[in-house]
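Visitor: I am new to this structure. Please show me how to read its features, one by one.

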Amino acid sequence: MTIPPSVPSTLFSELKTKIEEKRARVAIIGLGYVGLPLALLYAEQKFPVTGFDIDQHKVSTLQTGGSYIFRIPPPEIQSARAHGFSATTDYSQLEEMDAITICVPTPLNEYHDPDLSYITNTARAIAPHLRAGHLVILESTTYPGTTEEVLLPILEKENKRMLTASRGGSADQQQFYVAFSPEREDPGNQTVARRDIPKVVGGLDAKASDLAAALYGSIFHRVVRVSSPAAAEMTKLLENIYRCVNIALVNELKLLSLRMGIDIWEVIAAAATKPFGFQPFYPGPGLGGHCIPVDPFYLSWKAREWDFRTRFIELAGEINTRMPYHVLEFVAKALNQQKKALNGAKVLVLGVAYKKDIDDLRESPSLTIIELLQKEGARVSYNDPYFPTVGKGRKYDL
Ligand SMILES: NC(=O)c1ccc[n+]([C@@H]2O[C@H](COP(=O)([O-])OP(=O)(O)OC[C@H]3O[C@@H](n4cnc5c(N)ncnc54)[C@H](O)[C@@H]3O)[C@@H](O)[C@H]2O)c1
């Protein structure tokens, strides 16, 4: 009788197999603009997926087959639920999960410094339920070092089972796996299917990278591995800083072109015919959204620790922040040409979302412009099919 060779059953190979067979139970923490679509991608591929959020309203909406994101219609949620998707506020369910992905907000605080409280709160909520073999992936945009310097220490110190993260040593039954993988969601973009956007992954060690790459490889067509979580964190910031700086460049050139009587849009269209070395960016009334106005300052903040000033980021921030004030000046000038004052003028603002075709108001320059116009005594109305009303926000009460 031949004896079959014994295959060492490690936590790593067990999880890898579960992922390959789409049996791995996936947890998504934070069911917002990033987390909810990600959960739906896993559900589409028939992974058992559970969404976690502290917002009871969101959880109840999803549990009854509804949606709170305009571009995700309720039938998509219902179809995901039919494939086993559920949502909960109960973190103890994490014990039954195999892979945990964190998609919580990373805003700036009132001093314009990174506010990592959502990440640290989430890490503290996960830690008591962490078990050996868990794969924990951070997706929230943040500065290089967050995964290793902020997330990991909380998970290691506050778990109840004395677990440590796998760091490339020999296999251990007391380990969990950690990786960072940035989100590249582009809300409103209908031209690129989500699974066609390559997914960058950086694990704490090769095993964590393998597992994270296998997991994302099941829902994305291409996974790009980098050498560390910090390299993956920096990749996302490079992408967003690239946009922020180039938008600032065209914003500045637009102001110069106005003075010189040149149409910047004509110039950009002509330059964009160059088949290499030029990518068009367009001027606007200011930056909006949760990413471009926020993320670059995560890096500026971290750079100070290294006694380094990120001058491009600061200059771009300065130019982009001034754009709503330029809009105000131009409105005043246009009225002046009609012998009218801003004070008492009726002004209609078309669009309050931060860009076209989306239901997201975060950091929208329209809100700043409305506030500036109101301060000058203008009577402002707005039109936006996505926002029949604009409620009180963190910064605005219009
Ligand atoms: N929106 C985008 O287009 C986009 C694109 C790329 C990257 N990102 C990044 O992704 C991250 C998430 O962004 P978003 O736009 O999805 O934010 P969001 O505000 O839409 O969603 C975050 C969700 O996390 C929940 N949450 C907060 N704390 C929690 C906790 N402790 N436990 C469980 N849930 C919690 C909130 O209730 C909310 O539902 C951010 O770091 C952002 O920079 C966003």
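Guide: Start with overall size. The radius of gyration is taken over C-alpha atoms, and the globule rule is 2.2 Å times the number of residues to the power 0.38. Keep in mind that this is a predicted model.

Visitor: What radius of gyration does the protein have, and what would a compact globule have?

Guide: For 398 residues, the rule puts a compact globule near 21 Å; the protein has 24 Å, which agrees. Taken along the principal axes, the C-alpha atoms fill a box of roughly 100 × 45 × 40 Å.

Visitor: How many helices and strands does the secondary structure come to?

Guide: The protein has twelve helices and eleven strands.

Visitor: What share of the contacts joins residues 24 or more positions apart?

Guide: Take the contacts with a separation of 6 or more. Residues 24 or more positions apart account for 73% of them.

Visitor: What percentage of the residues count as buried?

Guide: Buried means under 20% relative accessible area. By that cut-off, 48% of the 398 residues are buried. The accessible surface comes to about 20500 Å². Carbon and sulfur atoms hold 56% of that surface.

Visitor: Now the rings. How many aromatic pairs does a search of the whole structure find?

Guide: The search finds nine aromatic pairs. One of them is F12 with Y177.

Visitor: Why is the pair of F12 and Y177 called edge-to-face?

Guide: Look at the angle between the planes. Over 60 degrees counts as edge-to-face. The planes of F12 and Y177 stand at 65 degrees, so this pair is edge-to-face, with ring centres 6.4 Å apart.

Visitor: Where in the chain do F12 and Y177 sit?

Guide: F12 is in helix α1, residues 11-20. Y177 is in strand β7, residues 175-180.

Visitor: Are F12 and Y177 buried or exposed?

Guide: F12 counts as buried at 17% relative accessibility. Y177 is buried too, at 3%.

Visitor: What about Y42 and F47?

Guide: Apply the angle test again. Their planes are at 85 degrees, so Y42 and F47 are edge-to-face, and their ring centres lie 5.6 Å apart. Y42 is buried at 0% relative accessibility. F47 is buried, also with 0%.

Visitor: Which residues do ring pairs link into a cluster?

Guide: Y143, Y298 and W301 form that cluster.

Visitor: And what lies over the face of Y216?

Guide: K199 does, at 4.6 Å from the ring centre.

Methods. Residues numbered from 1 in each chain as written. Predicted model: local features only at pLDDT ≥ 70, side-chain atom pairs only at ≥ 80, totals over all residues. Heavy atoms only, no water. Phe/Tyr/Trp six-rings, centres within 6.5 Å; stacked < 30°, edge-to-face > 60°. Helix = DSSP H or I, 4+ residues; strand = E, 2+ residues; numbered from the N terminus. Buried < 20%, exposed > 50% of the residue type's maximum accessible area, 1.4 Å probe, protein only. Lys NZ or Arg CZ within 6 Å of the ring centre and 35° of its normal. Contact = heavy atoms within 4.5 Å. Areas by Shrake-Rupley, 256 points an atom, 1.4 Å probe, with all protein chains shown as cover.
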